[in-house]
Amino acid sequence: MILTGPEITAAARDGRLRIDPFEPDQVNPNSYNVRLGPRLLTYTSPVIDAHRPNPTRSTEIGPDGFVLQPGELYLGHTLEEVGSDTFVPLLFGRSSVGRLGLFVEITAPIGDIGFHGQWTLMLSPVRPLRVYSGMKIGQIMFFVSVGSLDLYRGKYQSAAGPLPSGYWRDLTATGAANSVAEVA
Amino acid sequence: MILTGPAIAAAHAAGEISIDPYEPQRLSPNAYDWRLGETLRVCSGDLDAATPTAYEEIVLPETGLVLEPGLLYLGVTYERTGSERYAQLINGDRTTGALGIWVHVSAPLGHAGHAIRWTLEIRAARPVRVYPRQTFGKLVFLHTFGAASSYQHHGLKYTDTDGIGTSRLYEEIPGGPR
């Protein structure tokens, strides 16, 4: 079951979910509109390596906005910290943003119960697109879960700002050494 | 909870779900298999969230149209769908995905109270020919939890969309259209 807007508001008030800052006028009938934060990260090496930490460059979106280019991947973030120890969150771009040809997340709209923090957005436009800090970019919906709870304790907990992929953190020391050897 | 095909049929018969035109053979085990509409808007320029989008509108010929990678196409569902009781989720289907077509980039959510022909945000991985009224995706219906709130009473932007809607995000950007 998907939460209605009034239930999202009630749950934000009684603590079953947390959205900070919370603005009542960003509540929709079945979702909440989240805003784009000011920081963007781009990977700087020509090839992203799943097994290694990848260097990034940080950009602040100025008052005149920032033009996203097709073919580039921008890691952005929500202005809001969003999470719940009760409900399963799902994040997508808003339709107004999709109609501008902007992908706001890639492949992973489902959040974990127990994750709290700013959500990293995976921005990739179909056409060059100027975006603005603070614009309402995404929608988070919440689903009722079934079963006992095992809260998120993962590597992105309490994220502040955009976070690059941490796949390399999951590798064992041996696995990492092997991957380095393969590259060498 | 997601409605099964028979539950969608029952809700349609009870007037809790509207699908127009409605064809019972388009019901699948837990979805309704919707079709691509007959027009597309092609966006080939640079876009700005603070500015209305320029586009060219094309009527899809019966012989089909080749979608090109790198362009943004806004389409529309052939069906108008709505429900005051259930929320809706729209997606492509496995067949369309295997052709390398993204049919919907943004939130697949139809809020309770939506009664629309859905605007589609279409992107192709490879050149691919599409045809008017071809089956394009699946629409599922979800039970909601909590006091109801209808999209029709929110003063939101796309309450009665009957065609392709370009983005009206520029209405929200401080300073208005540039």
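**Legends to the close-up views**

**View 1. Within strand S5(A), Ser58(A) is the bridge partner of Leu41(A).** The model is predicted, so local features are described only where pLDDT is at least 70, and side-chain atom pairs count only at pLDDT 80 or more, whereas totals for chains, interfaces and linings use all residues. Residues are numbered from 1 along each chain as its sequence is written, while chains are lettered from A and ligands numbered from 1 in the order in which they are written. Strand S4 (residues 39–43) of chain A and strand S5 (residues 56–60) of chain A run antiparallel and are joined by five bridges. Strands (E, at least two residues) and helices (H or I, at least four residues) are DSSP runs numbered from the N terminus, and two strands pair if DSSP finds at least two bridges between them. S4(A) also pairs in the antiparallel sense, over two bridges, with strand S7 (residues 74–83) of chain A, where Tyr74(A) is the bridge partner of Thr42(A).

**View 2. Three strands, in the order S6(A)-S11(A)-S5(B), form an open sheet with mixed pairing.** The edges of this sheet are strand S6 (66–68) of chain A and strand S5 (47–48) of chain B, each of which has a single partner strand, so one side of each is left without a neighbour in the sheet. Three bridges link S6(A) and S11(A), which pair in the antiparallel sense, and Val67(A) stands opposite Arg130(A) in S11(A).

**View 3. Where the two chains meet, 37 residues of chain A are in contact with 44 residues of chain B.** Contact here means that the C-beta atoms of two residues, placed from the backbone, lie within 7 Å. Among the elements that give two or more residues to the side of chain A that touches chain B are helix H1 (5–14), strand S8 (88–93) and strand S12 (136–143) of chain A. That side of chain A has 20 nonpolar, eleven polar and six charged residues, where Ala, Val, Leu, Ile, Met, Phe, Trp, Tyr, Cys and Pro count as nonpolar, Asp, Glu, Lys and Arg as charged, and the others, Gly among them, as polar. S1(A) runs parallel to strand S15 (residues 144–145) of chain B, to which two bridges join it, and Leu3(A) stands opposite Phe145(B) in S15(B).

**View 4. Val104(A), Met135(A) and Ala49(B) touch the most other members of the largest nonpolar core, which has 80 residues.** A nonpolar core is a set of buried Ala, Val, Leu, Ile, Met, Phe, Trp, Tyr and Cys residues joined through C-beta atoms within 7 Å. A residue is buried if 20 or more other C-beta atoms lie within 10 Å of its own, exposed if 12 or fewer, and partly exposed in between, with C-beta atoms placed from the backbone. When its neighbours within four places in sequence are left aside, the contacts of Val104(A) include Phe92(A), Leu121(A) and Ile137(A), as well as Ser106(B).

**View 5. Asp20(B) lies in strand S1 (residues 18–20) of chain B.** Asp20(B) is exposed, with 11 other C-beta atoms within 10 Å. Apart from its neighbours within four places in sequence, Asp20(B) is in contact with Glu79(B) and Arg80(B). The C-alpha atom of Asp20(B) is separated by 16 Å from that of Gln134(B), and the two residues are 114 residues apart along the chain. For the setting of this view, chain B has two helices and 15 strands, and 39% of its 178 residues count as buried.
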